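Below is a short briefing for a reader new to this structure. Please look over the sequence and the model before reading the points.

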Amino acid sequence: FCFIDRTSTSSDCFKKPKTKRAKRFLEKREPKLTENTKNAILIKVIQKIPNPYLFFFRKNITRPFEDQTSLEFFSKKSDCSLFLFGSHNKKRPNNLIIGRMFDYHVLDMIELGIEKFVSLKDIKNSKCPEGTKPMLIFAGDTFDLNEEYRRLKSLLIDFFRGPTVPTIRLAGLEYVLHFTAMDGKIYMRSYKVLLKKSGCKIPRIELEEMGPSLDLVMRRTHLASEDLYKLSLKQPKALKPKKKKNISHDVFGTSYGRIHMQKQDLSKLQTRKMKGLKKRPAAKMTEEDEGISPKKSKSVL
């Protein structure tokens, strides 16, 4: 799902920049047909992850389910549409809240409890380089049947999808994030893809766990209404592909075109003259029996 994160509000329309620097700053935040890569706020950092699209706040500044004003303020200040909030207390130990914004207001927010955590340092294997785009795999029918799990799947895709790239190379597909929903829990595992020799052009693929891994359980949810959710999914008309007549696509993406032609008279179709198409003596005899006179041969003068 693609969410339109920045839309102009009435208060922003009256602010006129006084300097060129302020003008460039406001132009970056204006609504665009193709939105920028989404940034994320990490509040009360659980693990240090060097990433240019993450902003860290080390203090526990808010309680998202009780008061969302401070969270929305920092989201607008840092131009972040995603947030991850970590906390720990007696009532809800090892708590993790993941959410996203629409028009700088909380759209979806899901609280997860961490029952088991294994860090990167605990697994002594080779790691993927920084900035590697992950491949996301979701296993379990719950992600498709339950509305809360369906929103969680969409939120995780939004959080881990990273920047949009025009091309992909085979060697760059080396990072897998696997999410499994089973028995009321969500299991998150991280793997590194190893390409082994197989004796043919297609390499043999092996997965090596590299961490981190988490066992999560869903606690509280704050989901947007259906009307607001549909509004966040709305795309500008300029981005919608124009429908082409008489063109269809199959499940593999192959295009098929249908051409309409006028009815042809096959009796007037000119074919190539061949010796094999000439009438044989047996055919001439049958024509004489039926009373059809054969063509007279031209006499030589």
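Glutamate 147 is partly exposed, with a relative accessible area of 33%; buried means under 20% relative accessible area, exposed over 50%, and partly exposed in between (1.4 Å probe, protein chains only). Its salt-bridge partner is arginine 151, with the closest N and O atoms 3.2 Å apart; a salt bridge is a side-chain nitrogen of Lys or Arg within 4 Å of a carboxyl oxygen of Asp or Glu. This is a predicted model, in which local features need pLDDT of at least 70 and side-chain atom pairs count only at pLDDT 80 or more, while totals for chains, interfaces and linings use all residues. Residues are numbered from 1 along each chain as its sequence is written, and side-chain values use heavy atoms, with hydrogens and water left out.

- Glutamate 147 and arginine 151 both belong to helix α5 (residues 147-160), where they are 4 residues apart, about one turn of the helix; helices (H or I, at least four residues) and strands (E, at least two) are DSSP runs, numbered from the N terminus.
- Arginine 151 counts as buried, at 3% relative accessibility.
- Salt bridges that share partners link Arg100, Asp108, Glu147, Arg150, Arg151, Asp158, Arg161 and Glu226 in one network.
- Within that network, aspartate 108 and arginine 100 meet through their side chains in a salt bridge of 2.9 Å, N to O.
- Aspartate 108 is buried at 0% relative accessibility, and arginine 100 is buried with a relative accessible area of 1%.

**Other salt bridges**

- Side chains of opposite charge can pair when their charged atoms come close.
- How many salt bridges does a search of the whole structure find? The search finds 14.
- One of the salt bridges joins glutamate 111 to arginine 92, with 3.6 Å between the closest N and O atoms.
- Glutamate 111 is in strand β5 (residues 105-118) and arginine 92 is in the loop between β3 (82-87) and β4 (95-102), so this pair ties together parts that are 19 residues apart in sequence.
- Glutamate 111 is buried at 1% relative accessibility, whereas arginine 92 is partly exposed at 22%.

**Charges over rings**

- Arginine 151 has its charged end over the ring of tyrosine 229, 3.8 Å from the ring centre; a charge sits over a ring if NZ of Lys or CZ of Arg is within 6 Å of the ring centre and within 35 degrees of the ring normal.
- Arginine 220 has its charged end over the ring of phenylalanine 65, 4.3 Å from the ring centre.

**Aromatic rings**

- A search of the whole structure finds 6 aromatic pairs; rings of Phe, Tyr and Trp (its six-membered ring) pair if their centres lie within 6.5 Å, and planes under 30 degrees apart count as stacked, over 60 as edge-to-face and the rest as tilted.
- One of the pairs is phenylalanine 138 with phenylalanine 143, edge-to-face at 5.3 Å centre to centre and 80° between the planes.
- Phenylalanine 143 also pairs with tyrosine 149: the ring centres are 6.1 Å apart and the planes are at 70°, so the pair is edge-to-face.
- Phenylalanine 143 and tyrosine 149 are both buried.
- One aromatic cluster is formed by Phe138, Phe143, Tyr149, Phe159, Phe160 and Phe179.

**Backbone features**

- Aspartate 103 and tyrosine 104 are in the loop between β4 and β5.
- Neither is a glycine, yet phi is positive in aspartate 103, at about 55°, and in tyrosine 104, at about 60°.
- Tyrosine 104 is buried, with a relative accessible area of 11%.
- Helix α3 (residues 69-78) has buried residues Ser70, Leu71, Glu72, Ser75 and Ser78.
- Aspartate 79 follows α3 and has a positive phi, near 55°.
- A cis peptide bond runs from glycine 211 to proline 212, with omega near 0°.
- Proline 212 is in the loop between β9 (204-209) and β10 (213-222).

**Surface and overall make-up**

- The protein has 7 helices and 12 strands.
- Of its 301 residues, 29% are buried.
- Leucine 170, in the loop between α5 and β7 (175-182), is exposed at 53% relative accessibility.
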